[in-house]
Amino acid sequence: MKKYIITVSLVLPVIFISLLILNFTAPDKKNYESGKGEIHNKVTSGFEKEKHSCCSSEEDAEEFSDNSIYQLNSVWTDQQGEKFSLSLLKGKPVVLTMFFASCTYACPVLVNDMKRIESEIPKRDLPSYRFVLISIDPERDTPQKLARYAEVKNLDTKRWTLLTGNPDDIMELAALIGFKYKKNSNGDFSHSNLITFLDSNGEIIHQQIGLNQDISESAKILLAQN
Amino acid sequence: MKMFLRNITPMIFISGFFFLVGAQTKSKMVCIPDGYYTPLYKDSESKIKVESFYMDVYPVTNGQFLEFVRENPKWQRSKIKRIFADKGYLKHWLNDLELGDKVDPRSPVTNISWFAAKAYAEWAGKRLPTVAEWEYAASAGKNKPYAGEELIQTILDWYSKRSPEKLPQVGSTDKNYWGLYDMHGLIWEWTYNFNSALVAGDGSLERNLYCGAGGSSSTDAKNYPAFMRYGFRSSLKANYTVNNLGFRCVKKINKNLISGR
């Protein structure tokens, strides 16, 4: 019996140490997506009424085509401070641009270009389109700042959504649509001047590169979506 | 019962020991201390401070990547969404879960997209290095932290060689001052912000295409390999796969997020 106790007292610490080691190494390799899925379920927003199915991100991902940017399950924050998933835009053609609110040169022109495109859409069809501005400057572009930006730029938030998010999700989306950007030492950004057009499935159907371009081609492609 | 316990004790010890050893050798990292990186194209500042970080000693291998796709089926060759990787994704493997005879599990994994590399890094509890981190770590020579021209010649020699049919194993090329192997001479490597290269050609022309491109200029016209890497990165898209483009991971050292991320 003594021997038995000695053996057990030897074995138990070993098991304990093994478990410790397991604990140390195993959590490193957690399924990195499970967390995101949970948040995804919690997403509520002004567009909630349009979102019928409430399911996990994995199931959601199945709904989207292989080339849909809605395969991303990142969670953003809109100008009202509400959580927002890009997939809520599904079902509508989307005009999307990445920008930052304190940009004095290119971004105001880009927004103006988007408004020019918007003005090509017949008034009765306007509710079927979405315009999205996504900030690459989450440190400075708080929801309040984005809301003010929408006000100043006279953007109708019934169809315009301004989003901010975490730096990693911003990088992922930028990489996905081919938007290049770089933070400069003065806190501003160098970036592509790029307007991206999505069909109702979230697939990129067109991209307009540059500022102050002729928008007729882009508008034609967009109008054909409806 | 006593016999059983007596026999099992050393076994647990041994398996615990191997577990420890296994976890350590699998992806060794070294600490790269604080330093400065001089970007090829500068804006107002010519040097960027790089905070210390841990970096994988070797690029991620086929064998390690296989373990990742085994645990994360959505990254397997037949299941991956086209938006996250083009058709060349893991094309050198036999199938979803087998490397086949032609692929060495100890060779660096290539034919992977930025998304796949990033997902692997997150799975491993790490992340991809920024351009500044990678370039800073890669600027070391064999015996000093900044190699300068000696390294340029080494890299040019590598560029001039034909790509081998079968990629050598990791660790088969030079070890640098920080203890990193294969930073040059084996494969190209993905960086986290590969899409931060905005400069090309004439500034005035670019003004309409890129905001802020006008004020940049090259800092070291002699550093031809740096131009090559710069050009290569700027030609990439996040779902591209290339047969000599792989990656390695880094991990932060309990400090605030590295600037420039």
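**View 1. Strand S3 (residues 94-99) of chain A is mostly covered, with six of its six residues buried.** The model is predicted: local features need pLDDT of at least 70, side-chain atom pairs count only at pLDDT 80 or more, and totals for chains, interfaces and linings use all residues. Residues are numbered from 1 along each chain as its sequence is written, while chains are lettered from A and ligands numbered from 1 in the order in which they are written. A residue is buried if 20 or more other C-beta atoms lie within 10 Å of its own, exposed if 12 or fewer, and partly exposed in between, with C-beta atoms placed from the backbone. Strands (E, at least two residues) and helices (H or I, at least four) are DSSP runs, numbered from the N terminus. In a regular strand the side chains alternate between the two faces of the sheet. One side of S3(A) holds A:Val94, A:Leu96 and A:Met98, and the other holds A:Val95, A:Thr97 and A:Phe99; all are buried.

**View 2. S3(A) runs parallel to strand S4 (residues 130-135) of chain A.** Six bridges join the two strands. Two strands pair if DSSP finds at least two bridges between them. A:Leu96 stands opposite A:Val132 in S4(A).

**View 3. Three strands of chain B form an open antiparallel sheet.** The order is S1-S5-S10. Strand S1 (29-32) and strand S10 (250-252) of chain B stand at the edges; each has a single partner strand, so one side of each is left without a neighbour in the sheet. Neighbouring strands are turned by 25 degrees against each other on average, direction ignored. Four bridges join S1(B) to strand S5 (residues 53-56) of chain B. Here B:Val30 stands opposite B:Met55.

**View 4. The largest nonpolar core has 105 residues.** Such a core is a set of buried Ala, Val, Leu, Ile, Met, Phe, Trp, Tyr and Cys residues joined through C-beta atoms within 7 Å. Among those with the most contacts inside the core are A:Val95, A:Ala174 and B:Tyr120. Helix H3 (residues 114-123) of chain B gives the largest share, eight residues. Leaving aside neighbours within four places in sequence, B:Tyr120 is in contact with B:Val60, B:Phe65 and B:Phe68. Contact means that the C-beta atoms of two residues, placed from the backbone, lie within 7 Å. Another core, of five residues, lies apart; B:Ala197, B:Leu198, B:Ala226 and B:Tyr230 are among them.

**View 5. Helix H5 (residues 149-160) and helix H7 (residues 224-235) of chain B pack at about 55 degrees.** Their axes are 9 Å apart. Axes are lines fitted to C-alpha atoms, for helices over the stretch in contact, and angles run from 0 to 180 degrees between N-to-C directions. H5(B) is therefore oblique to H7(B). Angles under 35 degrees count as roughly parallel, over 145 as roughly antiparallel, 65 to 115 as roughly perpendicular and the rest as oblique. B:Ile152, B:Ile155, B:Leu156 and B:Tyr159 of H5(B) meet B:Tyr224, B:Pro225 and B:Met228 of H7(B).

View 6. A:Asn154 is in the loop between helix H5 (143-152) and strand S5 (160-164) of chain A. A:Asn154 is exposed, with 8 other C-beta atoms within 10 Å. B:Asn111 is in the loop between helix H2 (62-71) and H3 of chain B. B:Asn111 counts as buried, with 23 C-beta neighbours inside 10 Å.
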